[in-house]
Amino acid sequence: MKWINTLAHNRWLETETDRIFEFGRKSVVPTGFGWIGNNGNIRTEMGTQLWITARMLHVYSLAALMGRPGAYKLVEHGITSLLDGKLRDKTYGGWYANVNDAEVIDSSKQGYQHFFVLLGAASAMTTGHPRAKELLEEAISVIEKYFWSEQEQMCLESWNEIFSKTEEYRGGNANMHAVEAFLIVYDVTKDKKWLNRAVRIASVIIHDVARNNHYRVNEHFDPNWNPILDYNKDNPASHFRAYGGTPGHWVEWGRLMLHLRATLQSIGEDVPEWLLEDAKNLFSAGVRDAWSVDGAQGFVYTVDWEGKPVVRERIRWVIVEAMGTAYALYTATGDAVYEKYYQEFWDYCREYLMDYETGSWWQELDVNNKASSKVWDGKQDIYHLMHCLLIPRLPLTPGLAPALAQGLLDKNAK
C-alpha cells in the first residue's frame, strides 16, 4: 500500500493543512502572534514570544504562497510586528525574547529565537512583500554581528539586552535551527557561505559528536564545544534545554541534513557522504530509543545516555518531525521501510493527537496517550505541523517557501 506521492494522500494532507491554517489565525495579537491555549484561545499571560511570532510569519508565508485568502495580511502583520513593533529593540538592535502590550517581559537576545526571525524573513521574501527584504537584511546583520562566531565557525547561544555579554553555554538546538534558516537564506540569496556554515555545524554536532555516541545527539556544550552530559539533570523537562537526548531533534537533524545534501547536489557541489549515512542513523536511533519503548505507543520525549526514557510524555512535534524525516529518507533512498514508518506514525497521530473538537493537535499526551500539560501547556503555534503536512508534497530542495514559490507542490504526485 503506497501513500507517499499519491494524489489521494496529498488531497488528505491538503485538507488537514487548511484546518491547521485556520486554527493558527487565532494567534494574532497586536504585538505579533500569541501563545494559543488548549481551548484555542490566547494565553495572554504568556506574552508575545519572539519565536512564536517569527515562526508564524514563516507559516503564513507558506499559506500566502498556496493562495490562501487572508494569509498575505498575516505576513504583513508578522513583518510589521518584527520591524516596527515592541519586539524589536530599536536602541541596541536585535529582538527581545518576550513582550506584551505594556512592557518588555524578557529583554535577552536569544539565538534560537533570532534564527526563527531569519527563517521567517527569508520565507517572507518569496511572497514579494515590499518590506521582506528590509527584514531579511536586518536579521542577517544581527546574525552576522552577534550570533555567528567566525572564530568557532559555530553559532553563539544568547546575549544580554545590550549585546555586551554572551552566554558561556553553547547550544545544539539553536545551531540546528540555524541550519534550517541558513538553507532558506541560501535559497533566496544564492550566497554559498550559508551552505558552508550549515555543513560545518552539522559536522561538529552530528558527525563529530553524535556519531560517536550511538547517534544520541548532545545539545549542551561548553565554549570549547565539549559536551556537558549532565546539563539540566535536575530539570529534565526543560522546554529548550532538556536533559539527555531529545530524539525528536535527532530525526529533525536527519531531515535537515537531507535537505542540505539535496541542495549541494542540485548545484553540483561536493556532497559529504556522511550526510546521508548520518541521517539514516539518526532516524534509526530515534526509533530505537524512543518509539513505543515503554509499553505504549508513541515517542517518549527524552532519554538518558544509555537510551532509557527520562521524560515519557509524548510531545506533538517529535512525531511530526519523525514523519517529515521518514518522507525525506524515502525520497533519498527509495527504501520502503521509511514509507512503512511514515504510515505507522500517521495512524498514531490520527488516533491520539488530532483534536477535532477544540482544533489543531494536542501538543502533549501522557504515558497513556491522554491529553496532558506536564511539559507543554497549550497549542503554541503551527510551525512543526507544516513539516508533516507540506514536506511530503515537495522535493527536498529548495526549501518550503522557495519550493512553493516555484510551483513545485505535488509535482511528483500520481
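The points below take up these topics in turn.

1. Basis of the note. This is a predicted model, in which local features need pLDDT of at least 70 and side-chain atom pairs count only at pLDDT 80 or more, while totals for chains, interfaces and linings use all residues. Residues are numbered from 1 along each chain as its sequence is written, and side-chain values use heavy atoms, with hydrogens and water left out.

2. Salt bridges and the pair Glu-14 and Arg-393. Searching the whole structure gives 29 salt bridges, the term being used for a side-chain nitrogen of Lys or Arg within 4 Å of a carboxyl oxygen of Asp or Glu. One of them joins Glu-14 to Arg-393, with 2.5 Å between the closest N and O atoms. Since Glu-14 belongs to helix 1 (residues 7–24) and Arg-393 to the loop between helix 12 (386–389) and helix 13 (400–405), the pair ties together parts that are 379 residues apart in sequence; helices here are DSSP runs (H or I, at least four residues), numbered from the N terminus. Glu-14 is partly exposed, at a relative accessible area of 21%, whereas Arg-393 is buried at 4%, where buried means under 20% relative accessible area, exposed over 50% and partly exposed in between (1.4 Å probe, protein chains only).

3. Arg-197 counts as buried, with 8% relative accessibility, while Glu-144 is partly exposed at 26%. Lys-192 and Glu-269 form another salt bridge, their closest N and O atoms lying 3.0 Å apart.

4. The largest cavity. The count comes to three cavities of 30 Å³ or more, a cavity being a set of points, on a 1 Å grid over the protein atoms alone, where a 1.4 Å probe fits but cannot get out, with lining residues having an atom within 4 Å of a point. The largest has a volume of about 200 Å³, and a volume is the space filled by probe spheres set on the points. Of the 19 residues that line the largest cavity, Ile-184, Arg-255, His-259, Gly-399 and Leu-400 lie nearest its centre. Helix 6 and helix 8 are the elements that give two or more residues to this lining.

5. The second largest cavity. About 170 Å³ of space lies here, and of its 17 lining residues Arg-55, Tyr-112, Trp-317, Trp-376 and His-384 lie nearest the centre. The elements that contribute two or more residues are helix 2 (50–65), helix 6, helix 8 and helix 10 (316–333).

6. Cysteines. The structure has zero disulfides, a disulfide being a pair of cysteine sulfur atoms within 2.5 Å.

7. Aromatic pairs. A search of the whole structure finds 32 aromatic pairs, where rings of Phe, Tyr and Trp (its six-membered ring) pair if their centres lie within 6.5 Å, and planes under 30 degrees apart count as stacked, over 60 as edge-to-face and the rest as tilted. Phe-283 and Phe-345 form a tilted pair, 6.4 Å centre to centre with 50 degrees between the planes. Phe-283 lies in helix 9 and Phe-345 in helix 11 (residues 336–353), so this pair ties together parts 62 residues apart in sequence. Phe-283 is buried at 2% relative accessibility, and Phe-345 is buried at 0%.

Conventions
1 Å grid on protein atoms, 1.4 Å probe; cavity = no way out; pocket = protein on both sides within 12 Å on 5 of 7 lines; lining within 4 Å.
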